[in-house]
Structures are given as structure tokens and as C-alpha cells.
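Subject: Structure handover and notes

Dear colleague,

I am passing on the structure we spoke about, and my notes follow directly below it. Please read them with the structure open beside you.

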Amino acid sequence: MLKDEKAIVVFSGGQDSTTCLFWALQTFKEVEVVTFNYNQRHKEEIECAKNIAKELNVKHHLLDMHLLNQLAPNALTRDDIEIKEGENGELPSTFVPGRNLIFLSFAAVLASQVGAKHIITGVCETDFSGYPDCRDVFIKSLNVSINLSMDKQFVIHTPLMWLDKAETWKLADELDALDYVREKTLTCYDGVIGYGCGECPACKLRNHGLEKYLKSQEGAEA
């Protein structure tokens, strides 16, 4: 039974990982979170994650991943690279090569140290902006590779994999966390907590999903 087991959530303090955290708290007996400091563009992300973990009384691990910043220059690690969506089949400028590969691998190492069998990540193939390391096939492949490399039986959970943003808001609502996620998480590429800047690609995706979900609720109540 999952209610008797321990889990690690890969946690950025954003909408998706916070929704996953609430899901994990209802699913597992014990939950810890891990945040990675890769000298990302906005340090507010790390502070936001710390604050949420403290408010929800969850043990928080912060791991130094500055090497990723050195290896993967992009719009999330450099102030002089413009944030823009992918064009003509190219990846968005916010794609960080190897990020989920590295984060999940190190999360597994941490899980082995704290006695957790389950690893939760908020990746999603429905609204994944074209990031190849958010695909279900990648996660399943990595799960097998991690288990083979460490002789463990970890299970990587992806509660949001087949949900669009409106459905992710619906899940947060079902977890009694919609207002919390809306007001206290940081998704914005410009580092604005809560409702965000409203202009960056992350804010547009998040806000469009919220509007779609709220409209569906209004229609259901009519």
C-alpha cells in the first residue's frame, strides 16, 4: 500500500510540482522534497520552494547543481538570452538540456539515502512545450535505467503526464489546493509569484489553463 511508503517530490515551487506535492501528501505516508540550485535566472524559485515546504511542514533538501548552468546556457540560466518559444521545429530557448535526466537521477540517489521508494515529478506530455525530457517514454526509460544502475525498485510517478493545464488546475481543486497553488507558487519566467507577469510563455499557459477550468466550472454550475 502506498499509504505505508515514502516518497520524494522533485520540487521547484511552481504550479506543477506543488500540485504534485499535494498529491503526494495524500498518497504516501511520508513525503520529502528536493530542489535543485542550478544558478537559475530567478533565485525567487528557490525561496518560493523553501517557503512552501516550510508552510506544509515537509522536509526540504536543496542540492547544488551549478555544473548544469555551466554546461547548458539557455534562457533560464542566462540573463542575456531572450525567452522565446520554439519556431520551425526548434526547442524553446527555455529548454535546459539534460535537466530532468540529471534531476531525477540525483533525486534517486537522495531517495536511496532517505529510504524512499517513490519519486514524483510534474512533467507533462500534454502541455510540455516541446521539451523531449518531459515525454512519458523518456520517464519510463529513465526509471528502468536508474533501477538497473542502483539495483533498486524505484517508481517514478508522473501524476500530470496526460493532463493539460486546465486539468492540472482541476486536480489542484480536487486536492483542496487550488487557491494555494494560484497564490503561492512561482511559474513565471520573470520571477513573479502567484499570478505572474501575464506575458511570458509560462504565465500564458498557466493563466489560459486556469481560465479554461474556471469557465468549465461555471458551465457545470449553470
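This is a predicted model: local features need pLDDT of at least 70, side-chain atom pairs count only at pLDDT 80 or more; totals for chains, interfaces and linings use all residues.

Residues are numbered from 1 along each chain as its sequence is written, and side-chain values use heavy atoms, with hydrogens and water left out.

The chain holds eight helices and five strands, and from the N terminus on its elements run β-α-β-α-β-α-α-β-α-β-α-α-α. Here helices (H or I, at least four residues) and strands (E, at least two) are DSSP runs, numbered from the N terminus. Of the 222 residues in the chain, 48% are buried, meaning under 20% relative accessible area (1.4 Å probe, protein chains only), as against exposed at over 50% and partly exposed in between. Among the contacts in the chain with a separation of 6 or more, 69% are accounted for by residues 24 or more positions apart, a contact being heavy atoms within 4.5 Å.

Within the sheet, strand β1 (residues 6-10) and β2 pair in the parallel sense over five bridges. Lys6 stands opposite Glu30 in β2, the bridge partner of Ala7 is Val31, and that of Val9 is Val33. Five of the five residues of β1 are buried, so this strand is largely enclosed by the rest of the structure; both of its faces are covered, with Lys6, Ile8 and Val10 on one side and Ala7 and Val9 on the other. Strand β2 (residues 30-37) is mostly covered, since seven of its eight residues are buried.

Axes are lines fitted to C-alpha atoms, for helices over the stretch in contact, and angles run from 0 to 180 degrees between N-to-C directions.

Helix α4 (residues 99-114) also packs with helix α5 (residues 136-150) at an angle of about 40°, with their axes 11 Å apart. That makes α4 oblique to α5, given that angles under 35 degrees count as roughly parallel, over 145 as roughly antiparallel, 65 to 115 as roughly perpendicular and the rest as oblique. The crossing is right-handed, which is to say that the near helix is turned clockwise from the far one by less than a right angle, anticlockwise being left-handed. The contact is made by Asn100, Leu101, Leu104, Ser105, Ala108, Val109 and Ser112 of α4 and by Phe138, Ile139, Leu142, Ile146 and Met150 of α5. These residues divide into nine nonpolar, three polar and no charged, where Ala, Val, Leu, Ile, Met, Phe, Trp, Tyr, Cys and Pro count as nonpolar, Asp, Glu, Lys and Arg as charged, and the others, Gly among them, as polar.

Best regards

Key
Two strands pair if DSSP finds at least two bridges between them.
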